[in-house]
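Reader: I have a few minutes before my next run. Can you walk me through this one?

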Amino acid sequence: MRGELKSKGTYSKRSITITHRVWHHSLTKKHLPGSDAAIFADYHVNTLVWPGIGYTFVIEPKNVINKPNGKRAMIVYANDIDKRTYHVGNSNQFSLGICVAGDYRYDDMN
C-alpha cells in the first residue's frame, strides 16, 4: 500500500543502517473496523501531524489471506524501508517500525 495511504509530505531517507526492529501494537482491538493501516495512517497524519504512517509494516490479523502453508494475517507494506519514519522517539534513524494491529493487553496473539 506504499503510496496509497494518507500522507502530507514525505519522510527523509535514513543516513545509517537499520540495527533494530521495533514491534508495536495499535491499542485497538484487532478485529474492529479501525484496526488497519489506512486508519493508522489517517491518525498519524491528521492527529499527530506526521508526514505519513509511522510504520514500515502493519500486520492486520482481521484480514486473513490464504498462503501455501495455511492462513496468515495480511502484512501491509506501508513505507519504503529506507525512510526514517516516526515511531519510536529518538531511535527512528536506526530502527524499523512494525505494528501488529490489536491491543495485546487484552487480545490474544493468535
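**Around D103**

Reader: Where is D103 found?

Author: D103 is found in the segment after strand 4. Strands (E, at least two residues) and helices (H or I, at least four) are DSSP runs, numbered from the N terminus.

Reader: Before we go on, what sort of model is this?

Author: The model is predicted: local features need pLDDT of at least 70, side-chain atom pairs count only at pLDDT 80 or more, and totals for chains, interfaces and linings use all residues. Residues are numbered from 1 along each chain as its sequence is written, and side-chain values use heavy atoms, leaving out hydrogens and water.

Reader: Fine. Is D103 buried or exposed?

Author: D103 is buried, because its relative accessible area is 5%. Buried means under 20%, exposed over 50%, and partly exposed in between (1.4 Å probe, protein chains only).

Reader: Which residues does D103 touch?

Author: D103 touches H25, L27, T28, K29 and K30, leaving out residues up to four places away in sequence. A contact here is heavy atoms within 4.5 Å.

Reader: L27 is on that list. Where does L27 lie?

Author: L27 lies in the loop between strand 1 and helix 1. L27 counts as partly exposed, since its relative accessibility is 49%.

Reader: What about the phi of L27?

Author: The phi of L27 is positive, about 65°, although L27 is not a glycine. Most residues other than glycine have a negative phi. V49 is another non-glycine with a positive phi, about 60°.

Reader: Where is V49 found? And is V49 buried or exposed?

Author: V49 is found in the loop between helix 1 and strand 2. V49 is exposed, with a relative accessible area of 65%.

Reader: New topic. In what order do the strands of the sheet run?

Author: Four strands make up an open sheet, in the order 1-4-2-3, and the pairing is mixed. Two strands pair if DSSP finds at least two bridges between them.

Reader: Which are the edge strands?

Author: Strand 1 (20–25) and strand 3 are the edge strands. Each of them pairs on one side only.

Reader: How do strand 1 and strand 4 pair?

Author: Strand 1 and strand 4 pair in the parallel sense, over six bridges. R21 has L96, in strand 4, as its bridge partner.

Reader: And strand 2 with strand 4? How many bridges?

Author: Three bridges join strand 2 to strand 4, and the two run parallel. F57 stands opposite I98 in strand 4.

Reader: That leaves strand 2 and strand 3. In which sense do they pair?

Author: Strand 2 and strand 3 pair in the antiparallel sense, over eight bridges. E60 stands opposite M74 in strand 3. A hairpin of two residues links strand 2 to strand 3.

Reader: Now the aromatics. How many aromatic pairs are there?

Author: First the rule. Rings of Phe, Tyr and Trp (its six-membered ring) pair if their centres lie within 6.5 Å; planes under 30 degrees apart are stacked, over 60 edge-to-face, and the rest tilted. By this rule there are three aromatic pairs. In one of them, the ring centres of W50 and Y86 are 5.7 Å apart and the planes are at 85°, so the pair is edge-to-face.

Reader: Why does that pair tie together parts that are 36 residues apart in sequence?

Author: Because W50 lies in the loop between helix 1 (37–46) and strand 2 (57–67), while Y86 lies in the loop between strand 3 (70–77) and strand 4 (95–100).

Reader: Which residues form an aromatic cluster?

Author: Y11, W50 and Y86 form one aromatic cluster.

Reader: Last one. Where does F40 lie, and is F40 buried or exposed?

Author: F40 lies in helix 1. F40 is buried, with a relative accessible area of 7%.

Reader: What is F40 in contact with?

Author: Leaving aside neighbours within four places in sequence, F40 is in contact with S26, T28, G34, S35, I53, V58, C99 and A101. T28 is also among the residues that D103 touches.

Reader: And how far apart are F40 and P51?

Author: They are eleven residues apart in sequence and 12 Å apart in space, C-alpha to C-alpha.
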